[in-house]
Amino acid sequence: MSRRGLLLFLTVSVLWGVPYLLISVALEGLGPVSVAAGRVTLGALVLLPVAWRRGLPRLLRERWRALLLLAAVEVAAPLTLIAVGERTVSSGLAGVLIATEPLFILALGLFRGKRRRPPRGAWAGAALGFLGVVVLLGVAGTGTGAVLVWAAAACYAVGAVLMHRLFPDVPPLTVAAGMLVPAAGPLLAVAAVTEPAPQLTARVLLAVIGLGTACTAGGFTAFFALIGAEGPARAAFITYVAPVVAVTAGVLLLSEPVTARTVVGTVLVLAGAALAARRPSAAPLPDAPDVPALSDKRPGKEQDAGRRLVEGSRDAAEADVQPL
């Protein structure tokens with residue numbers, strides 16, 4: 001990995017590992033829907049100028065139904081579920097439960113009848129990951145909250161598949177903004193109607209700003225830059241590093257307890273996710289469709305970089321990497 005790639009990898013690991021800590025802080029003064037609405041709105045505002053120049057108006061006009069579906073499954077539902085779940089689940093445990101997304105991807109592939117059979121290790125990974133979740137669900141104080149966070153991981157898996165199938169020809173950053181924009185309004189409306197007035201403090205406000213600008217908008221930007229620099233295969237390892245960052249941040253900054261059961265469950269989940277996400281080396285993925293619509297038409301190296309990002313969108317979805 002190049003020096004630039006390593007820097008991007010470390011950056012994304014932090015940006016996608018600390019959101020769970022920031023959510024815990026934001027919940028001190030906001031309801032869960034308000035937390036989700038705040039980060040989505042800020043993330044959309046940051047990404048909007050760049051995405052607007054990369055075909056977002058046309059995307060919103062021509063594929064608004066698909067974007068609404070993606071906004072619901074990939075943004076509104078999981079972010080709300082995570083925030084609700086973290087009222088009883090530690091931030092570190094939430095980050096680990098989200099890492100079970102590859103297990104759901106594997107299950108969806110079987111349900112859709114994929115012609116390529118999963119490698120044998122995937123079955124072992126599914127068993128290990130499920131065992132890890134069972135162990136973690138038994139951690140004191142988790143209860144329903146852990147189930148809700150786990151449901152968010154399932155939403156992310158469905159969203160990854162939808163993004164791969166519906167938007168293989170669109171620059172990933174444009175899709176990211178395209179799904180954040182339609183999710184922001186409904187989340188703000190639901191928060192205003194169903195939750196009490198926010199109790200804003202400097203600590204809460206900084207947490208929400210960090211969630212929206214750094215973790216959501218910055219995380220997307222850095223991740224797709226990492227795909228462009230090092231390829232989707234190496235970028236996929238974020239799935240296994242970010243939960244470690246989440247657990248470490250929770251322990252160091254929020255003094256969250258770590259029990260033997262938490263450690264065992266975390267190891268089982270990460271090992272299972274890694275095995276479930278493996279692909280047979282002899283079955284390379286097909287080339288991304290060469291569709292110029294909504295893609296940046298730039299000559300030379302810039303055009304090649306744009307094509308790599310489009311391919312990265314496809315492979316990132318299949319590699320089960322989820323930034324949000």
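Predicted model: local features only at pLDDT ≥ 70, side-chain atom pairs only at ≥ 80, totals over all residues.

Visitor: How are helix α10 and helix α11 oriented, roughly parallel or roughly antiparallel?
Guide: The axes of α10 (residues 172-194) and α11 (residues 202-230) come within 10 Å and cross at roughly 160°. Angles over 145 degrees count as roughly antiparallel. Therefore α10 and α11 are roughly antiparallel.

Visitor: Where α10 meets α11, how many residues of the contact are charged?
Guide: From α10, Pro172, Leu173, Ala176, Met179 and Leu180 take part, and they meet Thr216, Phe220, Thr221 and Phe224 of α11. The residues of this contact comprise 7 nonpolar and 2 polar ones, and the number of charged residues is none.

Visitor: Which class of aromatic pair do phenylalanine 220 and phenylalanine 224 form, stacked or edge-to-face?
Guide: The whole structure holds 4 aromatic pairs. In the pair formed by phenylalanine 220 and phenylalanine 224, the centres are 5.9 Å apart and the planes lie at 15°. Planes under 30 degrees apart count as stacked, so the class of this pair is stacked.

Visitor: What separates phenylalanine 220 and phenylalanine 224 along helix α11?
Guide: The two phenylalanines are 4 residues apart in α11. The separation is therefore about one helical turn.

Visitor: Is phenylalanine 224 buried or exposed?
Guide: Residues under 20% relative accessible area count as buried. Phenylalanine 220, with 3%, is buried. Phenylalanine 224 has a relative accessible area of 7%, so phenylalanine 224 is buried.

Notes
Residues numbered from 1 in each chain as written. Heavy atoms only, no water. Axes fitted to C-alpha atoms, helices over the stretch in contact; angles between N-to-C directions. Parallel < 35°, antiparallel > 145°, perpendicular 65-115°, else oblique. Contact = heavy atoms within 4.5 Å. Nonpolar A, V, L, I, M, F, W, Y, C, P; charged D, E, K, R; others polar. Phe/Tyr/Trp six-rings, centres within 6.5 Å; stacked < 30°, edge-to-face > 60°. Buried < 20%, exposed > 50% of the residue type's maximum accessible area, 1.4 Å probe, protein only.
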